[in-house]
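Subject: Structure handover

Hello,

Here is the structure for your files. My notes follow below it.

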Amino acid sequence: MSSQTRKFPDGFLWGGAVAANQLEGAYQEDGKGLSTADVSPNGIMSPPDFSMTQFNLYHEGIDFYHKYKEDIALFADMGFKAFRFSIAWTRIFPNGDDQEPNEKGLQFYDDMIDELRRHNIEPVVTISHYEMPVGLVKNYGGWKNRQVVNFYEKFARTIFTRYKDKVRFWMTFNEINVLLHAPFTGGGLLFEDGQKNEQDIYQAAHHQFVASALAVKAGHEIIPVSQIGCMIASMITYPYSSRPDDMFAALTQDRKTLFFSDVQSRGYYPTYMSNYFIENNIDIKMENGDLELLQENTVDYIGFSYYMSFVASTAPEHEAAKTAGNLFEGVKNPYLQASEWGWQIDPKGLRTVCNQLYDRYQKPLFIVENGLGAVDKVEEDGTINDDYRIEYLREHIKEMKNAIGDGVEIMGYTSWGPIDLVSASTAELKKRYGFIYVDRDSQGQGSNERIKKKSFDWYKQIIATNGEDL
């Protein structure tokens with residue numbers, strides 16, 4: 001591999017990624033309705049609290065709703081080429097099934113996108129990111145109800161039409177495969193006995209596939225120059241040993257993720273999944289034209305998050321040696337270190353995932369989440385020396401660069417949480433990802449002041465040299 005092939009292309013989209021519900025705050029301001037995040041005070045794996053009696057940090061976030069100009073100026077100082085964010089569904093359609101959109105919500109994103117544009121930062125918009133109107137959960141049962149497809153399409157068409165001259169890059173669902181692991185967060189699904197019902201989950205997945213295809217269709221019609229991608233939570237699964245059973249277990253585990261990108265990128269249900277449905281008595285109800293819609297409206301690129309890898313084993317003694325991270329679970333890898341939250345750190349796995357996805361789909365890749373959650377300390381002199389974060393990101397960027405050398409087409413890289421925000425998994429602020437520290441704790445106390453960490457200038461240099469000075 002020559003050094004010439006291991007270069008980030010001109011126009012590479014360096015930046016950062018966030019989600020509306022994790023940083024905006026102002027959860028009932030300017031006509032916004034309640035979302036599933038607003039009733040999830042303990043994180044996305046915990047039961048919702050519809051009574052709203054528990055303290056919920058999502059409600060206040062880091063007050064980006066009022067401080068976005070200040071924060072975007074900091075992103076511009078770092079040299080961001082792109083900023084990935086989501087549009088809160090409930091700011092546009094507070095109940096989900098409203099006849100008319102909320103103008104104040106639309107105007108907020110108009111103003112925010114204009115601010116990004118003023119700083120020459122490309123907006124990258126996720127249509128649905130871990131939140132949906134509570135009204136669609138209570139009145140329709142979430143994504144298992146086909147009617148929600150229509151509400152989503154209306155939402156997508158509304159924002160495509162409103163921002164058609166300002167936004168070129170879109171994603172239909174954030175980590176769409178999280179539906180299997182956190183059905184309430186991913187699909188607004190509730191189960192009476194608390195046990196996941198695969199029939200409902202995969203029916204909801206089908207409805208999301210249809211909604212995604214309708215969004216691709218609408219986006220291409222309304223914004224001919226648009227690029228619309230899917231987005232999956234990706235990781236590679238290694239077999240624990242060379243035992244054939246371990247190898248097949250790893251393949252099976254990876255397929256649970258790849259199924260979601262298979263349908264959205266290839267445009268049809270893979271045979272392995274059709275067989276799984278038969279074996280498990282799952283009957284996906286489809287309407288006439290669904291399969292044609294999926295086939296004719298595939299995504300333009302593959303967006304994905306990457307934080308860690310996992311290991312699969314069929315040996316009973318390994319059941320007790322499992323670790324979790326980003327809603328997933330697998331056997332601990334004895335060759336890897338882990339973060340404070342137990343997420344295994346595997347930069348080489350990012351190169352492997354990039355090759356896996358590009359070999360499979362031959363479509364551009366967009367790494368839209370990657371980062372390290374850690375406890376940061378403000379020193380007496382006000383500095384924050386997060387060398388551990390720099391090391392984590394440096395090693396992952398090196399492997400992304402190697403993947404480009406392998407021939408993989410990568411559009412961009414937006415690190416997760418360029419500014420500290422509320423953790424999706426635990427609904428706390430002490431688990432920090434940012435290059436920018438926010439003086440706020442998990443109880444919502446603090447000045448909310450923004451402070452540059454050591455990693456701020458490091459990432460600024462990465463962007464300035466297009467990834468050459470690591």
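Two strands pair if DSSP finds at least two bridges between them. Strands (E, at least two residues) and helices (H or I, at least four) are DSSP runs, numbered from the N terminus.

This is a predicted model: local features need pLDDT of at least 70, side-chain atom pairs count only at pLDDT 80 or more, and totals for chains, interfaces and linings use all residues. Residues are numbered from 1 along each chain as its sequence is written, and side-chain values use heavy atoms, with hydrogens and water left out.

Strand β14

Strand β1 (residues 13–17) runs parallel to β14, joined by 5 bridges. Gly-15 faces Thr-414 of β14. Strand β13 (residues 365–369) also pairs with β14 in the parallel sense, over 3 bridges. There, Leu-365 stands opposite Ile-410.

β13, helix α13 (residues 387–405) and β14 form a right-handed β-α-β unit. Right-handed means that, with the strands pointing away from the viewer, the path from the first strand over the helix to the second runs clockwise.

Helix α12

Helix α12 (residues 347–361) has 15 residues. Gln-362 follows α12, with a positive phi near 55 degrees.

Regards

Technical notes. The expected span of a helix is 1.5 Å times one less than its number of residues.
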